[in-house]
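I opened the notebook to record a few look-ups in one structure. The entries follow in the order in which I made them.

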Amino acid sequence: IDIKALRGATGGVTTIDPGFKNTGSCKSAITFLDGEKGILRYRGYAIEELAAEASFLEVSYLLIFGELPTAEQLEKFDQDIKDNSMVDEDIHKILDAFPKNAHPMGVLTSLTSALTAFNPKAVDISSEEDMYNAIVILMGKFPVLVSWCMRKMKGEPLDYGDVDLSYEENFAKMMFKKPNKEYQINKIVIDALDKLLILHADHEQNCSTSTVRIVGSSHAGLFASISAGISALWGPLHGGANQAVIEMLEAIKEDGGDFEKYLAKAKDKQDPFRLMGFGHRVYKNFDPRAKIIKVAAEEILKDLDIEDPVLDIARGLSEAALSDEYFKSRNLYPNVDFYSGIIYRALGIPVEMFTVLFAMGRLPGWIAQWKEMRENKEPIGRPRQLYVGETLRPYVSIDKR
Ligand code: ACO
């Protein structure tokens, strides 16, 4: 190894830390997370309190601007978002060009990226006002795009929202209103959505958020940075786990409900199968979001009068894993995604849309992290590497190889 080649840009030694398990990439005042104690706070407020008391829009304001809004501040934020919620009809044409069976995460990342082409001024961030404008454009158009992804999948006509409704009610209407039918606001549905979105709203420097910050650090625009974050979220080891969990629980149900068999598969080191919705890079005690979601899932199924056999399998599987030596010794607990899919199912959301709902919840966190990175004038993200390839060798012409 040529040690000199490992010298960091500021003269220090380069560390090799695959997966950045022990590397901090920035200072941040947004989210506090203690993985040992299972604590999660947004801007100093406990996640349990926010999930019980606040609305998603209030939490979005808190994450992005640092303080809970006054009634007046919230009203202005809401109005500015509404004024920016129209999506260009040409984006509708892009949506039409996707095949109906396209995965909605692929559609969402493309449409979000396309927002840059339709709002070129929002890329140039040279003042606080520019930043605010880019933020309200994205907060306004993103829920419309999310609902369009689902309607495209289902072959339903698009809904353009209703500015007389609250942010959360409008999102529910765009998602669930049936063609030619009045939409009735259902408080149980709104509360469930609110809770899920809040619990997903930020989680410090995870894979997608780090992606947003690193793409944004090149001064690519907000929409391009968020589009990259959506792609990172898609993977089954990150946000895609919520879809994978329900598919796994369904498979166990189809297989006769024998979850012990799947537990054994997850422990078998020769088998690549992992128990989806279990384990977390940072939480080594429990995921506080999973605790809240488990209770919420039980309540929502009861309130909506739904019996879902998959919930019984989820209960059995998590109890068995929690008392199993393999899972205990590795501190593997159910994470936020283990129960969220059960709620999404109860709300009538197709399984392919689960990660899209996660993206909808994570949007204010990504925006807050991007804003913080730009305001702190962070340098471009550019890690080094440990080169382990060939040393210098002469070129060999093709006839001699
Ligand atoms: N099932 C079985 N074994 C597991 C699981 C699992 N779900 N998760 C981790 N392990 C085992 C690993 O095989 C490893 O065992 P070993 O020490 O014998 O080699 C040990 O636990 C440590 O696992 P790592 O992969 O090193 O842990 P890491 O922190 O890198 O990964 C991750 C965390 C990706 C979340 C992992 O636990 C996982 O793949 N879980 C399933 C997917 C999932 O639920 N992802 C959602 C995460 S939450 C979110 O993004 C919102």
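Entry 1, a term. I count a residue as buried if 20 or more other C-beta atoms lie within 10 Å of its own, as exposed if 12 or fewer do, and as partly exposed in between. I also note that the model is predicted.

Which residues does UniProt list for "active site"? I found His280 and Asp337 there, in an unreviewed entry. I then checked how they sit in space: they are spread over 58 residues of sequence, yet they cluster, with a largest C-alpha distance of 10.5 Å.

I located Asp337 in helix H16, which covers residues 337–346. Is Asp337 buried or exposed? I counted 29 other C-beta atoms within 10 Å of Asp337, so this residue is buried, since the cut-off is 20 or more. Next I looked up the contacts of Asp337, leaving out residues up to four places away in sequence. Asp337 touches Ala241, Asn242, Val245 and Gly277.

I found His280 in the loop between helix H12 (259–267) and H13. His280 has 22 other C-beta atoms within 10 Å and is therefore buried. With residues up to four places away in sequence again left out, His280 touches Asp287 and Asn335.

How many residues are around the ligand? I noted 19, of which Ala241, Arg274, Phe278, Gly279 and Arg281 come nearest. Ala241 was already in my notes as a contact of Asp337. I sorted the shell around the ligand by class and got eight nonpolar, seven polar and four charged residues.

I looked up positive phi values in residues other than glycine. Phe20 is not a glycine, but its phi is positive, about 50°. I placed Phe20 in the segment before strand S1 (31–34). Phe20 has 13 other C-beta atoms within 10 Å, so I wrote it down as partly exposed.

Asp305 is also a residue other than glycine with a positive phi, near 55°. I placed Asp305 in the loop between helix H13 (288–303) and helix H14 (309–322). Why does Asp305 count as exposed? Asp305 counts as exposed because it has 6 C-beta neighbours inside 10 Å, and the limit for that class is 12 or fewer.

Note on methods
Residues numbered from 1 in each chain as written. Predicted model: local features only at pLDDT ≥ 70, side-chain atom pairs only at ≥ 80, totals over all residues. Helix = DSSP H or I, 4+ residues; strand = E, 2+ residues; numbered from the N terminus. UniProt positions renumbered as here; feature names shortened; annotations may be inferred. Contact = placed C-beta atoms within 7 Å. Near = placed C-beta within 6 Å. Nonpolar A, V, L, I, M, F, W, Y, C, P; charged D, E, K, R; others polar.
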